[in-house]
Amino acid sequence: MIPLVFGSSLPSPTPPEAVQTPATKKCGSLTGPRIFPNGSRSGSGNGFPLFLPKEVEKIRDPYARNLAQRMERLPVQMGLYESCIMSSCVKPLVQTKNNPVVLLHCFDSSCLEWRCTYPLLEEAGLEAWAIDVLGWGFSDLERLPPCNPESKRHHLYQFWKSYIRRPMILVGPSLGASVAIDFAVSYPFAVEKLVLINASVYAEGTKGLAEFPRVLAYAGVSLLRSIPLRLYANTLAFNDISLATTFDWTNVGRLHCLLPWWKDATVSFMSSGGYNVIAQIKQVKQKALVICSEKDRIIDYKQTLRLRCELPSAIMRLIPDGGHLPHVDNPTSVAKLIAGFAHNDCC
């Protein structure tokens with residue numbers, strides 16, 4: 001693993017009652033023109049934040065466009081003597097007294113993944129946060145931190161400590177399930193429940209990729225953001241969508257890859273060895289909802305059954321018509337399951 005460079009070591013988990021003031025007091029005010037909360041400039045005519053690549057204007061999906069317009073960056077202090085990271089997310093319009101739902105995303109993706117489900121969760125009365133995992137999404141990584149699992153966990157904790165400060169219902173799809181399990185075991189007081197969607201939790205990290213020479217690593221990462229590979233990935237992830245939709249969703253899914261630090265951040269993660277949470281699964285103490293899709297062509301159904309059996313306190317629900325990312329292609333079912341689980345209803 002790449003060593004964490006934010007101070008000498010990771011801080012010990014801090015219980016909620018010991019949480020101090022938000023990171024904004026340490027990081028100071030945001031610089032530059034900020035006419036709107038998301039950072040879009042007055043008179044731009046499109047409402048998109050300035051930090052998004054200009055290619056966002058080519059996206060046709062109205063749900064993606066709407067969620068992109070709500071994105072903003074919040075300062076997250078990574079270490080006592082380190083500068084903060086302006087971290088991209090979608091904040092709830094209204095904060096409630098109930099514990100919030102916090103949405104993570106898949107490998108090499110962004111919170112735009114939740115474009116279809118997020119508004120449904122808000123309609124259900126939930127306080128929902130969609131957060132970009134460190135190294136992916138649209139955070140400002142010009143001063144690149146290490147992007148290994150330890151750093152991702154620490155960044156999520158600092159975000160939680162600064163802005164959420166209540167036990168959350170943490171939702172992780174695909175590799176995001178590994179991120180969620182790793183965090184829930186490390187900071188159990190910060191997580192009330194887990195929702196794991198078509199969970200990718202039995203891979204043993206990035207294996208041999210961690211030992212690739214850097215030249216080959218960068219070549220492989222360049223291939224990862226190529227349009228042909230992304231198109232192929234979408235044909236696996238989604239079922240029965242048109243060619244036009246496939247191209248548009250490909251543009252949504254690779255938008256963050258157009259940021260200048262994306263290659264370095266991705267190589268940092270791949271070289272670190274990635275996530276291996278197999279030994280942590282049985283340590284999860286929280287109640288968990290395991291969601292699987294009947295038509296998932298990426299995660300085998302047997303793995304989901306294994307996960308259901310190994311989690312100490314879990315229920316499992318099947319989405320008949322969903323693909324690997326049902327929160328994109330079957331958002332009504334996913335939102336209903338998450339809302340029911342959050343409200344302690346039988347989902």
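Analyst: This is a predicted model.

User: What do arginine 115 and aspartate 61 form, and how far apart are the closest N and O atoms?

Analyst: A salt bridge is a side-chain nitrogen of Lys or Arg within 4 Å of a carboxyl oxygen of Asp or Glu. In this pair the closest N and O atoms are 3.1 Å apart, and the two residues form a salt bridge. The pair links distant parts of the chain, 54 residues apart: aspartate 61 lies in the loop between helix H1 (24–27) and helix H2 (62–70), and arginine 115 in the loop between strand S3 (101–103) and helix H3 (118–123).

User: How many salt bridges does the count come to?

Analyst: The count comes to 7. Among them is the one between arginine 166 and glutamate 127, with 2.6 Å between the closest N and O atoms. This pair also links distant parts of the chain, 39 residues apart.

User: Is arginine 166 buried or exposed?

Analyst: Buried means under 20% relative accessible area. Arginine 166 has 17%, so it counts as buried. Glutamate 127, at 1%, is buried too.

User: Which residue does aspartate 182 meet in a salt bridge?

Analyst: Aspartate 182 meets arginine 153, at 2.8 Å from N to O. Aspartate 182 is in helix H5 (residues 175–186) and arginine 153 in helix H4, 29 residues apart. Aspartate 182 is buried at 5% relative accessible area, and arginine 153 is buried at 16%.

User: Now a helix. Which residues of helix H7 are buried?

Analyst: In H7 (residues 227–237) they are Arg230, Leu231, Asn234 and Ala237. They lie on the same side of H7, because they cover an arc of only 125° around the axis. These buried residues pack against H6, helix H8 (243–253), helix H9 (262–272) and helix H11 (326–329).

User: What about the surface? Where is leucine 223, and is it buried or exposed?

Analyst: Leucine 223 is in helix H6 (residues 214–224). Exposed means over 50% relative accessible area, and leucine 223 has 53%, so it counts as exposed. Together with Leu229 and Tyr232, Leu223 forms a nonpolar patch on the surface, with about 300 Å² of accessible area.

User: How much of the protein is buried?

Analyst: Of its 347 residues, 55% count as buried. The protein exposes about 15,300 Å², and carbon and sulfur atoms supply 55% of that area.

Terms used. Residues numbered from 1 in each chain as written. Predicted model: local features only at pLDDT ≥ 70, side-chain atom pairs only at ≥ 80, totals over all residues. Heavy atoms only, no water. Buried < 20%, exposed > 50% of the residue type's maximum accessible area, 1.4 Å probe, protein only. Areas by Shrake-Rupley, 256 points an atom, 1.4 Å probe, with all protein chains shown as cover. Patch = residues over 30% accessible without salt bridge, like charges linked within 9 Å, V, L, I, M, F, W, Y side chains within 5 Å. Helix = DSSP H or I, 4+ residues; strand = E, 2+ residues; numbered from the N terminus. Arc of directions from axis to C-beta. Contact = heavy atoms within 4.5 Å.
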